[in-house]
Structures are given as C-alpha cells and as structure tokens.
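Hi everyone, thanks for making time today. I'd like to walk you through one protein model, starting with how charged side chains pair up.

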Amino acid sequence: MSKIRNIVIKDADITNNCPECYNQELKITFYQKHTHNPFFHRTTDEVTHEIKCKKCYSVIYPVNWTTDIERVFDYYNKLVKPDKPSVRFTTLFFILLILVLGLIGTLIYLHMEGII
C-alpha cells in the first residue's frame with residue numbers, strides 16, 4: 001500500500017486582501033508530493049499550492065485571485081526550490097534482493113552440479 005504525502009516546501013504569510021472576508025492575512029503554502037511504500041520512497045517533481053485566509057479559513061482558488069494575489073503568487077512560485085525527483089530504496093527491498101539473488105545463485109549451482 002502506497003502512502004502519498006504532501007510535504008511543505010515553502011510557507012509564507014502574505015498581506016493581500018481575502019476575496020471572501022477582505023481581511024489582510026493570507027497564507028500561501030507550496031507542497032511537494034512524496035510517495036512511501038515498504039520497498040521505496042519516491043520524491044516526485046509535482047508541486048502544488050494553496051492560499052488560505054487566516055481569519056475565515058477559506059481556500060482561495062485561482063478563479064477568485066486578484067491581480068495582486070497573482071503577482072505575489074508568481075513571486076513566491078519563483079522562490080520555491082523543490083527537492084530533486086528521486087527514489088530511495090528501503091532496507092526491506094535490499095534484504096529481499098539479496099535473498100532472491102542468493103536463491104537464484106543456489107539453484108544455478110545445484111543445476112550445474114547435477115543435483116537438480
């Protein structure tokens with residue numbers, strides 16, 4: 001079973017007006033998608049974002065953005081430095097790999113000796 005987690009890579013408070021309640025306390029957050037399972041951990045290049053009001057707790061979708069919010073988003077989007085996409089194998093993967101290679105080597109040896 002794979003677990004997908006969005007890890008926060010950049011978080012900033014911005015002082016633009018909320019389109020819902022007109023408060024000047026917004027928070028912009030950038031996430032990077034990570035996939036975890038028993039055999040490997042994968043970091044993808046997929047970056048998502050969310051702008052949320054701190055007062056009314058509403059998520060500000062791109063349809064409701066003002067030009068000021070768009071400019072601030074473009075600025076922070078340039079500052080985001082996501083991790084490189086990579087795959088890290090777990091210890092369980094290496095243990096199973098060694099066991100399978102050992103079993104294959106044993107079977108080849110037994111076949112060459114004529115036992116099997």
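A quick definition to begin: a salt bridge is a side-chain nitrogen of Lys or Arg within 4 Å of a carboxyl oxygen of Asp or Glu. Please keep in mind that what you see is a predicted model.

With that in hand, look at D68 and R71, which form a salt bridge with their closest N and O atoms 3.1 Å apart. Both residues sit in helix α1, 3 residues apart, or about one turn of the helix. D68 is partly exposed at 40% relative accessibility, while R71 is exposed at 55%.

How many salt bridges does the structure hold? There are 4. Another one joins D11 and K27, at 3.5 Å between the closest N and O atoms. This pair links distant parts of the chain, since D11 is in strand β1 and K27 is in strand β2, 16 residues apart.

Then there is K54 with D13, whose side chains meet at 3.0 Å, N to O. Here K54 belongs to the loop between β3 and α1, D13 belongs to strand β1, and 41 residues separate them.

A nonpolar surface patch of about 860 Å² includes V87, F89 and F94. Helix α2 gives the most to this patch, with 7 residues. V87 comes from strand β4, and at 37% relative accessibility V87 is partly exposed.

Last stop: is N23 buried or exposed? N23 is buried, because its relative accessible area is 18%, and the cut-off for buried is under 20%. You can find N23 in the loop between β1 and β2.

Note on methods
Residues are numbered from 1 along each chain as its sequence is written. This is a predicted model: local features need pLDDT of at least 70, side-chain atom pairs count only at pLDDT 80 or more; totals for chains, interfaces and linings use all residues. Side-chain values use heavy atoms; hydrogens and water are left out. Patches are made of residues with over 30% relative accessible area and no salt bridge: like charges are joined within 9 Å, nonpolar side chains (Val, Leu, Ile, Met, Phe, Trp, Tyr) within 5 Å. Accessible areas come from the Shrake-Rupley method with a 1.4 Å probe; for residues, only the protein chains shown count as cover. Helices (H or I, at least four residues) and strands (E, at least two) are DSSP runs, numbered from the N terminus. Buried means under 20% relative accessible area, exposed over 50%, partly exposed in between (1.4 Å probe, protein chains only).
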